[in-house]
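Biologist: Can you put the model up? I'd like to go through the fold with you.

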Amino acid sequence: MTLPNFLIIGAPRSGTTSLYHYLKAHPQVFMSKQKELRFFAFVGETLNFKGPYDDQFVNQESITTLEQYQDQFKEATTQIARGESSPIYLWWPNVPERIHQCLPDVKLITIFRNPVERAYSDFLNMRNLGWEPLRDFQEALEKEQDRINQEWGPFYYYQKKGFYATYLKDYLQFFDSDQIHICFYEDLCRDPQSLLKNIFQFLGVDDGFQCNTSKIFNSAKDAKISTKNNLQNFIKTLFKTTHSSITDPINPNIQKKLIDIYQEDILNLQELTHRDLSHWLEIKNE
């Protein structure tokens, strides 16, 4: 039975897609055929999320059976590291326990991004895809709990995904700290080769491999639909959103509100990671 021995668990909109592709390029690393399997979030479930496009994507594309999950790794041969990347794993309930039950010795990679910037990037990405019906970020935040209550899928939980310290503590209840490798999005942007070298060392593969990091994957500016059957819908929604204000800087008032919401968690993450995150508490003008 071939299963992964490492997982990229999030955070969403923090470079996990780039990490997936960079690691996939390493000859000693095998990555799942599909990115974002979501297996440990939805194993055994029949999904029926009710948000826009949920049925075409999260409901249909998520892997929910062990047989399907194993199939993602059946082509692995002599690679030292086998992995997958599902950012929902960081914050979806009960995932740490499920992973531990199935893969107690697994290595976990997480990458954190300023949660305010992450939430806004998430919103912009959904707007660019045409999946977010609202134009206003503040309105989307205000609607978030209603959407959760109405069983919209996880793509629309912009604020909820950002409480990193809370979720990291959940993982530390089940895994030793040396099983969890913590990265930061700003390091990926500033010095991707050093960040990857550290990940390669964590995975026990050749850390001298030089990956081409010139391409940034899945940025909000070049978001593309993932299923060919929905190309027509994408074209329709693209025309609706082309002239919308979807690249404007985040409103400082919204920044302030979100910083207040995340402040305690940011300080807790700073303590857990021994990383100065004080700049995450600053309001940026652009």
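Modeller: Start in the sheet, where E4 and strand E5 (residues 180–184) run parallel and are joined by five bridges. Strands pair here if DSSP finds at least two bridges between them. Helices (H or I, at least four residues) and strands (E, at least two) are DSSP runs, numbered from the N terminus.

Biologist: And what are we looking at, in terms of source?

Modeller: This is a predicted model, in which local features need pLDDT of at least 70, side-chain atom pairs count only at pLDDT 80 or more, and totals for chains, interfaces and linings use all residues. Residues are numbered from 1 along each chain as its sequence is written, and side-chain values use heavy atoms, with hydrogens and water left out.

Biologist: Which residue stands opposite Ile182 in E5?

Modeller: Thr110 does. Thr110 is also the bridge partner of Gly10, through the parallel pairing of strand E1 (residues 6–10) with E4, which has four bridges.

Biologist: Is E4 buried or exposed?

Modeller: Five of the six residues of E4 (residues 107–112) are buried, so the strand is largely enclosed by the rest of the structure. Buried means under 20% relative accessible area, exposed over 50%, and partly exposed in between, with a 1.4 Å probe and protein chains only.

Biologist: What is the strand order in the sheet?

Modeller: The order is E2-E3-E1-E4-E5, an open sheet of five strands with parallel pairing. At the edges are strand E2 (29–31) and E5, each pairing on one side only. From one strand to the next the twist averages 25 degrees.

Biologist: How many bridges between E2 and E3?

Modeller: Three, between E2 and strand E3 (residues 81–85), again in the parallel sense. Phe30 stands opposite Arg82 in E3. Helix H1 (residues 16–24) packs on the sheet and touches E1, E2, E3 and E4, its direction making about 160 degrees with that of E1. Contact means heavy atoms within 4.5 Å; axes are lines fitted to C-alpha atoms, for helices over the stretch in contact, and angles run from 0 to 180 degrees between N-to-C directions.

Biologist: Switching to helices. How do H6 and H13 cross?

Modeller: The axes of H6 (residues 115–129) and H13 (residues 252–273) come within 9 Å and cross at roughly 125 degrees. The two helices are therefore oblique to each other: under 35 degrees counts as roughly parallel, over 145 as roughly antiparallel, 65 to 115 as roughly perpendicular and the rest as oblique.

Biologist: Which residues meet there?

Modeller: From H6, Pro115, Val116 and Ala119; from H13, Gln255, Leu258, Ile259, Tyr262 and Ile266. They divide into seven nonpolar, one polar and no charged. Ala, Val, Leu, Ile, Met, Phe, Trp, Tyr, Cys and Pro count as nonpolar, Asp, Glu, Lys and Arg as charged, and the others, Gly among them, as polar.

Biologist: And the core, which residues touch the most other members?

Modeller: Tyr69 and Tyr89, in the largest nonpolar core of 64 residues. H6 gives the most to this core, with seven residues. A second, separate core has 21 residues, including Phe6, Tyr22, Ile111 and Leu203. Such a core is a set of buried Ala, Val, Leu, Ile, Met, Phe, Trp, Tyr and Cys residues joined through side-chain atoms within 4.5 Å.

Biologist: Last one. Where is Arg135?

Modeller: Arg135 is in the loop between H6 and helix H7 (137–142). Its relative accessibility is 55%, so Arg135 counts as exposed.
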